[in-house]
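Subject: Structure handover

Hi,

Here is the structure you asked about.

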Amino acid sequence: MGRLGWGGHFGGLAAQLEGVFGADGTFAHDRLRFVDFVDDVEELLEEVARRERGDEEAADGFEEYVLRHFGGSGG
């Protein structure tokens, strides 16, 4: 986000994702499915992209990329 000049949004996004990670920084699978988490993050990034660029194109492909590399087939 910083490279895109959107660093000012990080605090708000981090607050919305609070509780998804345990005290040790690991993803809390017992609180939320990983695929749901990735979907939620993509929606948050799309909203930031809409505000900053007028469309959500900058966030396109995020969910597929993350699921392919970290969580399974990605659909």
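Arginine 33 is exposed, because its relative accessibility of 53% is over 50%. Its partner is aspartate 36. The two form a salt bridge, with the closest N and O atoms 3.0 Å apart. Aspartate 36 is partly exposed, at a relative accessible area of 30%. Bear in mind throughout that this is a predicted model.

**Overall layout**

The protein chain has 3 helices and 0 strands. From the N terminus on, the order is α-α-α. Of the 75 residues in the chain, 25% are buried. The accessible surface is about 5200 Å², and carbon and sulfur atoms account for 49% of that. On contact range: take the contacts between residues at least 6 apart in sequence, and 40% of them join residues at least 24 apart.

**Salt bridges**

How many salt bridges does the structure hold? The count is 3. Side chains of opposite charge can pair when their charged atoms come close. The bridge between aspartate 36 and arginine 33 is described above.

Another joins glutamate 47 to arginine 50, with the closest N and O atoms 3.1 Å apart. Both residues lie in helix α2. They are 3 residues apart, about one turn of the helix. Glutamate 47 is partly exposed, with a relative accessible area of 32%. Arginine 50 is also partly exposed, at 35%.

Arginine 68 and glutamate 64 form a salt bridge too, at 2.5 Å from N to O. Both sit in helix α3, which covers residues 62-71. They are separated by about one helical turn, because they are 4 residues apart in that helix. Arginine 68 is partly exposed, with a relative accessible area of 44%. Glutamate 64 counts as partly exposed at 43%.

Glutamate 46 lies in helix α2, residues 34-53. It is buried yet has no salt bridge.

What does the side chain of glutamate 42 reach? It reaches the backbone nitrogen of glutamate 63, at 3.4 Å. With residues up to four places away in sequence left out, glutamate 42 touches Ala59, Gly61, Phe62 and Glu63.

**Aromatic rings**

The structure holds 5 aromatic pairs. One of them is phenylalanine 21 with phenylalanine 27, an edge-to-face pair. The centres are 5.9 Å apart, with 80 degrees between the planes. Phenylalanine 27 also pairs with phenylalanine 34, again edge-to-face. Here the centres are 5.5 Å apart and the angle between the planes is 90 degrees.

Is phenylalanine 27 buried or exposed? It is buried, because its relative accessible area of 14% is under 20%. Phenylalanine 21 counts as partly exposed, at 38% relative accessibility. Phenylalanine 34 is partly exposed, with a relative accessible area of 22%. Phe21, Phe27, Phe34 and Phe37 form one aromatic cluster.

**Arginine 31**

Last, a residue in a loop. Arginine 31 sits between α1 (10-16) and α2. It is exposed, with a relative accessible area of 52%. Not counting residues up to four places away in sequence, arginine 31 touches Gly19, Val20, Phe21 and Gly22. Arginine 31 and glycine 19 are 12 residues apart in sequence, and their C-alpha atoms are 8.2 Å apart in space. Phe21, one of the residues arginine 31 touches, belongs to the aromatic cluster.

Best wishes

Note on methods:
Residues numbered from 1 in each chain as written. Predicted model: local features only at pLDDT ≥ 70, side-chain atom pairs only at ≥ 80, totals over all residues. Heavy atoms only, no water. Helix = DSSP H or I, 4+ residues; strand = E, 2+ residues; numbered from the N terminus. Buried < 20%, exposed > 50% of the residue type's maximum accessible area, 1.4 Å probe, protein only. Lys, Arg positive; Asp, Glu negative; His and termini not counted. Salt bridge = Lys/Arg side-chain N within 4 Å of Asp/Glu carboxyl O. Contact = heavy atoms within 4.5 Å. Areas by Shrake-Rupley, 256 points an atom, 1.4 Å probe, with all protein chains shown as cover. Polar contact = N/O pair within 3.5 Å; in protein donor to acceptor, adjacent residues only side chain to side chain. Phe/Tyr/Trp six-rings, centres within 6.5 Å; stacked < 30°, edge-to-face > 60°.
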